[in-house]
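Have the structure open and follow along.

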Amino acid sequence: MNDMDFLVIGSGSGLDVANAAANRGQSVAVVEKGPLGGTCLNRGCIPSKMLLYHADVLETVERAGEFHIDAEVRNLEFSEIVREVNEEVESDSESIRRGLRSSSKHDLYEGEGRFVDDRTVEIVGGEDDGARIRAETVLIAAGTRPAIPDIEGIDEVEYLTSTEALQLETPPEHLVIVGGGYIAAELGHFFGTFGSDVTIVGRRPNLLPEADEEVAEAFTERYGDRFTVHTGHAATAVSEDDGTVTVEAHPYEYGEDGGIHDNESVSVAGDALLVAAGRTPNTDTLNLDATGVDTDEREFVETDEYLRTTADGVWALGDIVGEYLLKHSANHEAQAVARNLFGDELQPVDYTAMPFAVFASPEVAGVGAREEELRGTGREYATRTYQYDQTARGSAMKADGFVKVIIDLDGEILGCHIIGPETADLIQEVVVAMKAGSGTVQDIRQSVHIHPALSEVVQRAFSGQFSRGGGGGHSH
């Protein structure tokens, strides 16, 4: 048995807390069953956004004709693109591993961590199989993995998850995607730009159902122009014959029964199937039954407002707590855990103004309340929408998109939702106003915006006439 001060399961954002403990002289154990660096570095945002930038470059070249520039793409080294990205990711991961192995302040245990009791973990498999570590403080940061829905025949066919899709060195001829969220949107953009025919089957009425409805509708319409899109359909069966995967899907009706109804089904076929139907927490790998750590009905770890679990001395953060499955949220939670562990007093983790972005084409980003959340609550609000091409820079770019602002009647910013170019950068001004400013439209209206920059689309969205909604009404 190895006794430590601090132990973390997972080497993503949990490492930030481990480093804080090590810097305070504590003995630290890091348990990781896979490549070092967590989901974001190895299987998520880093490789996907690196690959997506290549797609953006290609798309820019292909749009050159709109600007009276005759350009053509003569060669696409797709396999080299994928190989270079994955080699860089592997190099970064190995660098973290070497750093932990050589550190006098950290002990790295490679293998799957399973609880023996509240604060004792046994390593199963890997280089450190059989080792046991006990710690005064344990942090669960073991993340999530792709969810595989209960579809008839899914176990009998070959399919990709996002993990494998990011390593494909040849684009499929026809990629069928089950799922309509951000992973489906981003990977659809990537493979579609590099020549794959793409068909998307999603249960919700629109793609990107977590986005504001107006934005999601616009995004779905744009994707309908690019790809074959079957929204409002649930995949019910899959089969494979001679390298062709066929997906059967039925209309999905949202009602009290939430049932799938056997009419107007669709059948789609391709040479590759990508299952992008959300994420499932890795709690089932941790043997939490040996602990007092509770999980919720979705099997995510339950925590209080300080990110303490229901077991004394055990904390949790990141995707496995199921709050926001975003790397920047996990980093924010890591700061909160470190502050609460080593600070003078406990402070609740603050999730206000938590933004998201989807690096598809078009891009989508948002922060705060969505209009459909406010409707029917009786709360009065006002909205304003402003088009990119009504600004000088947006017009020069021939940009198609808009900024939608939602405020209360006193001018407090309730939400902002954007579809178009560079949304992940544009939304940040609104996040800062909501988090560090007064949180009102005045923060943006009174700030000088560079002309002619794309940020003017945000300024103008916040500066004109708003339409009232709520209180039983609806904004237009």
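## Ground rules, and a buried leucine

A residue is called buried under 20% relative accessible area, exposed over 50%, and partly exposed in between, using a 1.4 Å probe and protein chains only. Leu 288, at 8% relative accessibility, therefore counts as buried. This is a predicted model, in which local features need pLDDT of at least 70 and side-chain atom pairs count only at pLDDT 80 or more, while totals for chains, interfaces and linings use all residues. Residues are numbered from 1 along each chain as its sequence is written, and side-chain values use heavy atoms, with hydrogens and water left out.

Back to Leu 288, which sits in the loop between β15 (279-281) and β16 (314-316). Helices and strands here are DSSP runs numbered from the N terminus: H or I of at least four residues for helices, E of at least two for strands. What does Leu 288 touch, leaving aside its neighbours within four places in sequence? Phe 115, Ile 140, Thr 283, Val 293, Thr 295 and Val 301 are its partners, where contact means heavy atoms within 4.5 Å. Leu 288 and Asp 118 are 170 residues apart in sequence, yet their C-alpha atoms are 8.4 Å apart in space.

## Helix α1 and what covers it

Take a look at helix α1 (residues 14-23), which is mostly covered, with seven of its ten residues buried. Those residues are Gly 14, Leu 15, Val 17, Ala 18, Ala 20, Ala 21 and Ala 22.

What do the buried residues of α1 pack against? The list has β1 (2-9), β2 (28-32), β3 (106-110) and β6 (132-140), plus the helices α4 (78-102) and α8 (327-342). After α1 comes Gly 25, with a positive phi near 85°.

Helix α2 (residues 38-43) holds Asn 42, which is buried because its relative accessible area is 12%. A polar atom of the Asn 42 side chain lies 2.9 Å from the backbone oxygen of Gly 38. The Asn 42 side chain also makes a polar contact with the side chain of Ser 93, at 3.5 Å. (A polar contact is a pair of N or O atoms within 3.5 Å; within protein, one must be able to donate a hydrogen and the other to accept it, and residues adjacent in sequence count only if both atoms are side-chain atoms.) Setting aside neighbours within four places in sequence, Asn 42 is in contact with Pro 35, Leu 36, Gly 37, Pro 47, Val 89 and Ser 93.

Now for the cysteines. A disulfide is a pair of cysteine sulfur atoms within 2.5 Å, and by this rule the count comes to one. The partners are Cys 40 and Cys 45, with their sulfur atoms 2.2 Å apart. The link is left-handed, at -135° about the S-S bond. Are these two cysteines buried or partly exposed? Cys 40 counts as buried because its relative accessibility is 13%, whereas Cys 45, at 24%, counts as partly exposed. Cys 416 is buried, with a relative accessible area of 0%.

## Where α3 meets α6

Helix α3 (residues 45-62) and helix α6 (residues 182-193) have axes that come within 9 Å and cross at roughly 50°. Axes are lines fitted to C-alpha atoms, for helices over the stretch in contact, and angles run from 0 to 180 degrees between N-to-C directions. Angles under 35 degrees count as roughly parallel, over 145 as roughly antiparallel, 65 to 115 as roughly perpendicular, and the rest as oblique. So α3 and α6 are oblique to each other.

Residues of α3 that meet α6 include Ser 48, Leu 52, Ala 55 and Glu 62. On the α6 side, the residues are Glu 186, His 189, Phe 190 and Thr 193.

Two cis peptide bonds are worth a look. One joins Ser 361 and Pro 362, with omega about 10°, and Pro 362 is in the loop between β17 (356-358) and β18 (363-368). Another runs from His 451 to Pro 452, with omega near 0°; Pro 452 lies in the loop between α12 (441-445) and α13 (456-461).

Leu 208 is not a glycine, but has a positive phi of about 50°. Leu 208 is found in the loop between β9 (197-202) and α7 (213-226), and counts as buried at 4% relative accessibility. Glu 299 also has a positive phi, near 80°, but is partly exposed, with a relative accessible area of 42%. Its place is in the loop between β15 and β16.
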